Amino acid sequence: VRVFKPNSHIRINWKRKNWKNVSTLQIRVIDKRAKTTVSFHQEKLLDSQQREEMKKYWNEVMEKITNMGVGNK
């Protein structure tokens, strides 16, 4: 963990099992009245292929998070 700011964000060193490199991942959770915004920002990726891999991965994570809320209102 590189930075942790309660009610703001966390910044960590992170890598996938199949990677040789380590990236920097920042996750923010922002409360906006009746809604919440979750964002992922990733740095130090090797190339466009890794960027696309992570874009797909984080989109899948967001879909799972979104589906967890379905029917819980």
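A nonpolar core is a set of buried Ala, Val, Leu, Ile, Met, Phe, Trp, Tyr and Cys residues joined through side-chain atoms within 4.5 Å. Please keep in mind that the model is predicted. With that said, let us start with the core and then turn to the strands and loops.

**The nonpolar core**
- The largest nonpolar core has eight residues: Ile 12, Trp 14, Trp 19, Leu 25, Leu 45, Met 54, Trp 58 and Val 61.
- At least two residues of this core come from strand E2 (9-14), and at least two from helix H1 (48-69).
- H1 gives the largest share of this core, with three residues.

**The E3 and E4 hairpin**
- Strand E3 covers residues 23-32 and strand E4 covers residues 35-43; the two pair in the antiparallel sense over nine bridges.
- To find one of these pairings, look for Gln 26, whose bridge partner in E4 is His 41.
- Two residues sit between the strands of this hairpin, where Arg 33 takes a positive phi near 55°.

**Two loop residues with positive phi**
- Most residues other than glycine have a negative phi.
- Arg 33 is not a glycine, yet its phi is positive, at about 55°.
- Arg 33 is found in the loop between E3 and E4, and it is exposed, with a relative accessible area of 85%.
- Lys 44 is not a glycine either, and its phi is positive at about 65°.
- The loop between E4 and H1 holds Lys 44, which counts as exposed because its relative accessibility is 54% and exposed means over 50%.

Terms used. Residues are numbered from 1 along each chain as its sequence is written. This is a predicted model: local features need pLDDT of at least 70, side-chain atom pairs count only at pLDDT 80 or more; totals for chains, interfaces and linings use all residues. Side-chain values use heavy atoms; hydrogens and water are left out. Buried means under 20% relative accessible area, exposed over 50%, partly exposed in between (1.4 Å probe, protein chains only). Helices (H or I, at least four residues) and strands (E, at least two) are DSSP runs, numbered from the N terminus. Two strands pair if DSSP finds at least two bridges between them.
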